[in-house]
Amino acid sequence: MWGYSAAKGEFILWCPNCKYKTEPFDNKNAVISFWSLMNRKGDEQVLSNWIKNFKKQFPNYDQQVEAA
Ligand SMILES: [Zn+2]
């Protein structure tokens, strides 16, 4: 599970298992780093799904950031 608000430019990552939710971050890498630092048991799958879904929905996101 994951959330991205294009209007606000906010990234939020949350866990459907334990309902843990991060604070909103202003970029994708920050929220991924934060989640990894939490090192929550069983949440590695949650993170990889988040990244997979994000890439599916925003296939050009990284290129857009690099071009900016
Ligand atoms: Zn969890």
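The structure is a predicted model, in which local features need pLDDT of at least 70 and side-chain atom pairs count only at pLDDT 80 or more, whereas totals for chains, interfaces and linings use all residues. Residues are numbered from 1 along each chain as its sequence is written. The protein chain has three helices and two strands, and along the sequence these follow the pattern β-β-α-α-α. Helices (H or I, at least four residues) and strands (E, at least two) are DSSP runs, numbered from the N terminus.

**Burial and contacts**

- Of the 68 residues of the protein chain, 7% count as buried, where a buried residue has 20 or more other C-beta atoms within 10 Å of its own, an exposed residue has 12 or fewer, a partly exposed residue falls in between, and C-beta atoms are placed from the backbone.
- Among contacts in the protein chain with a separation of 6 or more, 24% are accounted for by residues 24 or more positions apart, a contact being two residues whose C-beta atoms, placed from the backbone, lie within 7 Å.

**The nonpolar core**

- Five residues, Phe-11, Leu-13, Val-31, Trp-35 and Trp-50, make up the largest nonpolar core, and both strand E2 (10-13) and helix H1 (28-38) supply at least two residues of this core.
- A nonpolar core is here a set of buried Ala, Val, Leu, Ile, Met, Phe, Trp, Tyr and Cys residues joined through C-beta atoms within 7 Å.
- In soluble globular proteins, nonpolar side chains tend to be buried together.

- Lys-19, in the loop between E2 and H1, has a positive phi of about 70 degrees although it is not a glycine, and it counts as exposed because it has 8 C-beta neighbours inside 10 Å.

**Helix H2**

- Helix H2 (residues 44-57) has 14 residues and should span 20 Å at 1.5 Å a residue, which agrees with the 20 Å between its end C-alpha atoms; the expected span is 1.5 Å times one less than the number of residues.
- Of the 14 residues of H2, one is buried, so the helix lies largely in the open.
- Val-46 has its place in helix H2 and is partly exposed because 19 other C-beta atoms lie within 10 Å, while its C-alpha is separated by 8.0 Å from that of Pro-16, 30 residues away along the chain.
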